[in-house]
Amino acid sequence: MDSDGDGFSNGAELGDPKCVWIPGSEPDGTPTGHPGICEPLRDSKCLSINKWYTCEKRDLECDAINSPDVQEFEIKLPKTKVPVRATTFTCTNFAFPSDKDYHIIADRSSIDNHNVMHHIIIYGCPNEVENLIHPLNTQYDCLGEMGEQECVEQISMWTIGKPGLCLYEKAGFKIGATGYKYATMQVHWNNPGLKDSYEDSSGMILYYTPLLRQYNLGSLLTGEKRFSIPPGNSSYVVNSECTPVCSAKIMNSPIYVVSGFNHMHKLGRAMTLSQRSPGLEERILTHDSHYSFGNPVVHAFDPPIEIKPGDELRTKCTFDSSRKSTVTYQGDGALDEMCNSFVIYYPKESLWISECMSYQGLPMCSLRDLAAFIDKRLNEE
């Protein structure tokens, strides 16, 4: 059927010209258009058909980047052939200017091939890290445990539907002489149709200034590290806790959350991150009652929200697997699922680790203590 009358079938526009797609699978072909929207948009025939339709391009809105002291730092891949496999993680290590300290105050994506892009994350390496496993400005596979193990502090992230981020006016991510000297850019390519013709040169643009703001920013990841979703369930819930014990262990003083966003994949339907302080009612931080993977919401807080050592952070993810016939597992692939919530806070110095998650329902801070205890006993013996 050609619902929009532009001469192309709905199946062809969705990447399924032979109409062989079934629920839970990926289309065999590449999407070429939108069923219901006549294209090309400016074709005389389409102008009359699409009178109801408006398209607003989402772009970064940030007055601060127009200041004359602000500079751009762009890191992007060279034109690279995308491997013929469903999921690829490719990373590049790079160095920041280190002549003095700077603050990153905003970021923006630079996407070359939307057909394969799933996400881009830039991880800062702690300033005491001098020797990286992989050489600078060289691509390497980094799926799972193959990346830079010490470079885990997230300072920038792009996902589908997220044009960029303008950071809190009184804080920035510190780079340079006493900040992050090195970072890793992680690019996730998604190629479920196993096409051999894709190339990509995507990246990120970071806006930075030598005029340091009052506070240094940090990022904290919460959520569940290990779970599975049974098929045929329209409302499957995964809960995770950063327990009061864990928050007290990772925090030496209160933090102030300035923004946050939730992250699941295509089965995600609703997600909430909430805070509970001793003796007080639960407070909602990031709540997406109708979560959309392709249209993420960044929640900004002004004034910032205080979280103290001993507070509890709860993450709740709701998934719809009613059209799935197999189990879906937590994982890095686009067809896997995630239950992650990210918050950006200040001052960075209040936390000594950048995540507070659970693993199959167990608090990971306790699991780390157990692992350290076992290692100590083995060394003694």
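Analyst: The account below takes the pockets, then the cavities, then the cysteines.

This is a predicted model, in which local features need pLDDT of at least 70 and side-chain atom pairs count only at pLDDT 80 or more, while totals for chains, interfaces and linings use all residues. Residues are numbered from 1 along each chain as its sequence is written, and side-chain values use heavy atoms, with hydrogens and water left out.

Some terms come before the spaces themselves. On a 1 Å grid over the protein atoms alone, a cavity is a set of points where a 1.4 Å probe fits but cannot get out, whereas a pocket is an open set with protein on both sides within 12 Å along at least five of seven lines; a lining residue has an atom within 4 Å of a point. Grid points are joined across faces, edges and corners, and a volume is the space filled by probe spheres set on the points. Helices (H or I, at least four residues) and strands (E, at least two) are DSSP runs numbered from the N terminus.

The largest pocket holds about 1,800 Å³ of space. Its lining is made of 50 residues, and His-34, His-114, Asn-115, Met-117 and Ile-160 are the closest to the centre. Two or more lining residues come from each of helix 1 (10-13), strand 4 (101-110), strand 5 (117-124) and strand 18 (268-276). Sorted by class, this lining has 19 nonpolar, 20 polar and eleven charged residues; Ala, Val, Leu, Ile, Met, Phe, Trp, Tyr, Cys and Pro count as nonpolar, Asp, Glu, Lys and Arg as charged, and the others, Gly among them, as polar.

The second largest pocket has about 1,200 Å³ of volume. There are 45 residues in its lining, and Tyr-123, Val-152, Leu-221, Lys-225 and Glu-355 lie nearest the centre. Strand 5 contributes here too, as one of the elements that supply at least two residues each; the others are strand 3 (87-95), strand 7 (153-159), strand 10 (182-190), strand 14 (218-224), strand 23 (340-346) and strand 24 (355-359). Strand 14 has the largest share, five residues. The classes of this lining are 21 nonpolar, 14 polar and ten charged. At least three lining residues come from each of domain 2 (66-214) and domain 3 (217-373), with domain bounds taken from an automatic or database domain assignment.

Among the residues lining the largest cavity are Asp-107, Lys-162, Phe-173, Ser-219, Phe-261 and Ile-344. Strand 7 gives the most to this lining, four residues. By class the lining of the largest cavity divides into six nonpolar, three polar and two charged residues. Domain 2 and domain 3 both give residues to it, so the largest cavity lies between them.

The cysteines complete the account. A disulfide is a pair of cysteine sulfur atoms within 2.5 Å, and seven are counted by this rule. Buried means under 20% relative accessible area, exposed over 50% and partly exposed in between, with a 1.4 Å probe and protein chains only.

Cys-38 is buried at 0% relative accessible area, and Cys-46 is buried at 1%.

Cys-62 and Cys-166 are joined at an S to S distance of 2.1 Å. Here the torsion is about 55 degrees, so the disulfide is right-handed. The pair links distant parts of the chain, 104 residues apart: Cys-62 is in the loop between helix 2 (44-49) and strand 1 (71-76), and Cys-166 is in strand 8 (residues 164-166). Cys-62 is buried at 7%, whereas Cys-166 is partly exposed at 34%.

Cys-125 and Cys-151 are also joined, at 2.1 Å from S to S. Their torsion of about 100 degrees makes the disulfide right-handed. Cys-125 is in the loop between strand 5 and strand 6 (139-141), and Cys-151 in the loop between strand 6 and strand 7, so the pair ties together parts 26 residues apart in sequence. Both Cys-125 and Cys-151 are buried. Cys-19, by contrast, is in no disulfide, and the nearest cysteine sulfur, that of Cys-38, is 19 Å away. Cys-19 is exposed, with 61% relative accessibility.
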